[in-house]
Amino acid sequence: MPAITPRAATKIKIKRTNGRATNGRSNLTLATLKFRTYIEVKEEINKKVGARPARPRELPKGNWTEQALKVLQERYLTKDEKGETVETPEDMVWRVSWEVASAEARWGKTKKQISETAKEFYELMARREFLPNSPTLMNAGTGNMLQYSACFVLPVEDSIEEIFDALKYQALIHKSGGGTGFSFSRLRPAGSMVKSSSGTASGPISFMRIFDAATNEIKQGGKRRGANMGILRVDNPDIMEFIHCKEEGGITNFNISVTVTDKFMDAYYKDKDYKLIDPKTGKVAGKLSAKKVFDEIADGAWRTGDPGLVFIDRINSSVANPIPTLGPVEATNPCGEQPLYPFDACNLGSIFLTYFVKENPSTGSGPKREVDWEKLKKVVALATRFLDDVIEVNPYPLAQIRQTVLAIRRIGLGVGGWADMLVELGIPYDSEEALSLAEKIMKTIQDEAVSTSKELARERGPFPLWPISIYRKEAPRRNSTVTTIAPTGTISIIAGASSGIEPLFAIAFQHIVRDKHLNRKLSFVNPKFEEIARQRGFWSEEIKAK
């Protein structure tokens with residue numbers, strides 16, 4: 001099969017055979033696709049548009065909080081060889097905006113058009129209406145060759161060579177600012193015979209400890225400690241050890257989740273035993289009470305916050321598995337919001353709903369404030385385009401990851417500031433009205449993102465594996481996924497907004513980081529609470545201090 005580049009993908013003629021969409025090439029697979037290297041792509045772009053120009057003077061400054069400036073200084077702003085900061089927050093935003101917009105040279109945009117797009121991206125971020133995930137802010141446009149994505153999943157196969165390959169890949173990803181998810185379900189259980197050495201296997205949890213120790217020594221992008229997700233199937237013989245592996249000072253650099261199957265849940269509801277399967281032999285290795293295991297999971301979560309649950313069969317029958325021939329999905333990124341294939345990655349960004357409430361101009365008894373729906377749609381469209389551009393100029397840390405990402409072009413557009421929006425609208429977080437609004441908000445974002453992805457497909461071509469995807473009978477789209485809800489931990493501080501879709505943690509709190517890389521404390525007082533307290537006359541420095 002001839003090579004299919006991202007641009008050549010636009011020329012694939014789709015035909016339908018027996019109800020299935022194909023591209024006339026029955027052997028279309030991930031391995032048959034050929035993409036230009038990152039160096040080749042950057043050389044092409046630089047030849048067309050040249051070096052990044054100085055930040056235009058007419059662009060507005062950002063309205064950053066004291067806490068945002070502190071975090072930006074610590075982790076995001078470029079520093080010289082002496083560790084001195086050499087850019088402002090506005091410089092950072094322009095650096096990222098130009099780098100991402102420059103990708104559009106690949107689809108025929110002129111330098112003038114790219115400059116206009118970069119200005120749009122700049123204003124979007126400077127207004128804090130949208131921010132990409134941290135690695136994009138840290139690395140884009142710096143030339144440091146560190147990648148721009150936050151979410152990765154790496155396979156862990158059942159051999160020493162492959163286990164330590166995964167460990168090496170983890171280190172490379174953490175070095176560049178990304179987080180890693182692993183399924184350890186393929187590893188044979190502790191006590192199994194190892195034919196090559198006539199010894200016995202130490203089991204998945206013992207190898208998790210090695211990954212955990214390595215994480216402790218590597219700062220993400222040189223700026224923060226790495227993050228992991230460790231996952232084990234509920235039918236793995238070592239599942240009970242896994243459930244309790246974080247207790248009593250055990251594994252510390254992992255979130256852990258149990259992948260529960262439909263069979264397990266059926267056994268749970270019927271109060272029956274379920275089978276444990278040896279992943280090496282595929283044979284039954286024992287039985288456990290589904291209720292007992294579920295109780296142990298709940299107890300562990302109560303004690304340590306882990307493990308979580310991943311409903312793996314539901315994921316694999318959903319749009320989270322857009323190209324089933326690449327699957328099944330076995331793991332997620334560290335915070336659990338993004339299911340990914342092995343060697344898969346996702347570029348995330350979040351819209352901060354804090355800034356999408358407007359005064360209702362109508363008179364009468366209606367609400368004083370309402371959601372600015374038109375503004376939300378415009379920002380979704382621009383943010384979707386931004387995230388697709390990121391894919392093109394991202395220096396992925398591994399060839400296997402670059403191959404997968406360019407073939408399926410996952411993006412993950414989410415939200416932050418949900419609690420802020422509800423406060424502004426006077427809607428209780430735990431109300432039916434809030435649930436109804438949440439559905440409407442996310443439907444608007446999903447629909448607009450899909451619509452934009454289809455527009456981008458007409459302009460740039462669909463994702464190359466679209467002909468064998470679950471969307472092959474629909475209009476071509478540029479991205480195999482478009483939305484995800486990330487926790488927005490640090491970028492919510494930069495945005496001056498509440499995090500993710502969580503309720504307010506507190507109206508006043510301190511954010512404390514203490515590890516070998518950073519020791520600092522930030523104090524937060526909810527600005528809306530302060531505003532209301534001042535309006536009602538009970539604000540004081542004593543209250544603020546308390």
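This is a predicted model: local features need pLDDT of at least 70, side-chain atom pairs count only at pLDDT 80 or more; totals for chains, interfaces and linings use all residues.
Local features need pLDDT of at least 70 and side-chain atom pairs need 80 or more, while totals for chains, interfaces and linings use all residues. Residues are numbered from 1 along each chain as its sequence is written, and side-chain values use heavy atoms, leaving out hydrogens and water.

**View 1. Helices α14 and α15 pack against each other.** Here α14 (residues 418–425) meets α15 (residues 432–460) at an angle of about 125°, with axes 12 Å apart. Helices are DSSP runs (H or I, at least four residues), numbered from the N terminus. In the contact (heavy atoms within 4.5 Å), look for W418, M421, L422 and L425 in α14 facing A434, L437, A438 and I441 in α15. By class, this contact has eight nonpolar residues, no polar and no charged ones.

**View 2. R55 and D91 form a salt bridge.** A salt bridge is a side-chain nitrogen of Lys or Arg within 4 Å of a carboxyl oxygen of Asp or Glu. The N to O distance here is 3.2 Å. R55 sits in the loop between α1 and α2, and D91 in helix α3, 36 residues apart.

**View 3. E129 pairs with R127 in a salt bridge.** Their closest N and O atoms are 3.0 Å apart. Buried means under 20% relative accessible area, exposed over 50%, and partly exposed in between (1.4 Å probe, protein chains only). At 4%, E129 is buried, whereas R127, at 40%, is partly exposed.

View 4. K443 is exposed at 53%, and D447 is partly exposed at 39%.

How values were computed:
Axes are lines fitted to C-alpha atoms, for helices over the stretch in contact, and angles run from 0 to 180 degrees between N-to-C directions. Helices (H or I, at least four residues) and strands (E, at least two) are DSSP runs, numbered from the N terminus. Ala, Val, Leu, Ile, Met, Phe, Trp, Tyr, Cys and Pro count as nonpolar, Asp, Glu, Lys and Arg as charged, and the others, Gly among them, as polar.
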